[in-house]
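Please have the sequence and the coordinates open while reading.

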Amino acid sequence: MVEWIEEVEKRKDDLIKDLQNLLRIRSVLDEEKPTDDAPFGIGIKEALDFMLKTGERNGFSIKNVDQIAGHLEMGQGEDLIGVLCHVDVVPEGDGWSSDPFGAEIRDGKIFARGAIDDKGPTIAALYAMQIIKELGLPLSKRIRMIVGTDEESNWRCVDRYFKKEEMPSAGFAPDAVFPIIHAEKGIADFELVSREHRNEEELETELLSFQSGQRLNMVPDRALAEIKGSNQMMEQISGRYKEFLDQNSFQGSSSLNEEKLTLSLEGISVHGSEPDKGINAGLQMAGFLKGVPFQQKGLTFIGFLNDFMLNDSKGNKLGVAFKDEISGELTMNVGTMSFSKGFSKIGVNLRYPVSCDFKVVQPKIQSAANKYQMDLHVIDHMVPHHVPKDHELIQTLQAVYREQTGEEPELLAIGGGTYARSLDAGVAFGALFPGKPEVAHEKDEYIEIEDLLKATAIYAQALYELAK
């Protein structure tokens, strides 16, 4: 019987050294000066080359796919087990306690951008494969690590890769949390855009502009509205607005300048997959403005937000609410709202359960939009992803996790999207352990060395059990 953690400990120093070398590469997307050799930037090319050269050094067969993806492979047989990783990272940002690409070790942790997302888990999976290879364990299937370079942006790497290369029969992405994420909601980004209106007569009170939000998958934390009207009307609205701020304990301001009133409101931004945990500044501003006698275009914009979006992230007002046992409730985040010169645009991030059909949801939303002279334009759409709990992949990973940790491997469903949905039969499997803080994309990102070694042992046994 293989003592997996002992095998990892034997290779600890080399594993940490390889990880530090990978972390020292600033592999942030850079399309300013693309070349054939480096379409996503020099840093990303260096990180991909590092993985392929390291794999070749360790005796794996390797392949570079158009300089934007690659793979390392071992074993033999018709079936293929996949491990889907990525070496691109988000920009480092400010405020770090040490060099974000220095890979400094302190307090039992390695600090660097990409330490937990996803370079640490990638090296863990690489050494898991290495352990199986060096022990000469018999395999009836091939094991392939697929290395992507555009996970943090548009997934062009895996899109291109799977147009040219074989799809694994099963696999996992070490790019999220333990135990196992087996269900991911469908994600649709769409905009509701106003149609052309005939010219309107100018009214005394007019909504000049409204702006809130920058990204569809984030709850807007700021809203700004500009209103034109008589001094008397503007002073009346300004007074009501101050009462509104006090009553709701909101932060905001109002300023009046030559018959133009500017209102600002601060909310609380959270990820769009759980909008109720934040305060949507744009929707709250729209709620305050309901009842102001704006011109028709302004009334249409404010009316739609109030009638269908305010205080309803579940789609009840639109008639699209849905819930299933596997992945929970449908959620909607109104991430962007803009109005200027009579033209309005509302951007929505919709996440729907695995048993829900977007083809049923979409026309219901369009029907509501029709009443307000708006059209729905789908920007991006990813169908739900689900691997049933009785699938051999799930059963195997659960058994390994249970054996190595002594904990019951709960199956998780999420509103976000992980790299695993790129696989036909894939789940997200680690590498962040339950109860540990989520530091991906944050300053002072790190991975705990003890957890890195534990994850390597879990991945080694899991890959062996899947491919033996």
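The side chains of E7 and R11 form a salt bridge with an N to O distance of 3.0 Å, where a salt bridge is defined as a side-chain nitrogen of Lys or Arg within 4 Å of a carboxyl oxygen of Asp or Glu. Both E7 and R11 are buried, a class that means under 20% relative accessible area, with exposed meaning over 50% and partly exposed the range in between (1.4 Å probe, protein chains only). This is a predicted model, in which local features need pLDDT of at least 70 and side-chain atom pairs count only at pLDDT 80 or more, while totals for chains, interfaces and linings use all residues. Residues are numbered from 1 along each chain as its sequence is written, and side-chain values use heavy atoms, with hydrogens and water left out.

**Salt bridges**

A search of the whole structure gives 27 salt bridges, including those in the table.

| Pair | N to O distance |
|---|---|
| E7 and R11 | 3.0 Å |
| E191 and K345 | 4.0 Å |
| K468 and E465 | 2.8 Å |

The salt bridge between E191 and K345 ties together parts that are 154 residues apart in sequence, because E191 lies in strand β10 (residues 186–194) and K345 in strand β18 (residues 343–352). Helices (H or I, at least four residues) and strands (E, at least two) are DSSP runs, numbered from the N terminus. K345 has a relative accessible area of 29% and is therefore partly exposed. In the pair of K468 and E465, whose closest N and O atoms are 2.8 Å apart, K468 is partly exposed at a relative accessible area of 45%, and E465 is also partly exposed, at 28%. Salt bridges with shared partners join E7, K10, R11 and E134 into one network.

**A charged patch**

E3, E6, E9 and E450 form a negative surface patch; such a patch is made of residues with over 30% relative accessible area and no salt bridge, like charges being joined within 9 Å. Accessible areas come from the Shrake-Rupley method with a 1.4 Å probe. E9, found in helix α1 (residues 4–10), counts as partly exposed because its relative accessibility is 43%.

Strand β3 (residues 80–86) is mostly covered, with seven of its seven residues buried. In a regular strand the side chains alternate between the two faces of the sheet. Two strands pair if DSSP finds at least two bridges between them. Seven bridges join β3 to strand β6 (residues 142–148), and these two strands run parallel; here V83 stands opposite M145. Three bridges join β3 to strand β7 (residues 170–173), again in parallel, and I81 stands opposite A170.

**A contact across the sequence, and the whole chain**

L376, which lies in strand β19 (residues 374–382), is buried with a relative accessible area of 11%. The C-alpha atoms of L376 and F190 are separated by 6.7 Å, although the two residues are 186 residues apart along the chain.

The protein chain has eleven helices and 24 strands, and 56% of its 468 residues count as buried. Taken along the principal axes, its C-alpha atoms fill a box of roughly 85 × 45 × 45 Å.

Technical notes. Patch = residues over 30% accessible without salt bridge, like charges linked within 9 Å, V, L, I, M, F, W, Y side chains within 5 Å. Lys, Arg positive; Asp, Glu negative; His and termini not counted. Charge placed at Lys NZ, Arg CZ, Asp CG, Glu CD.
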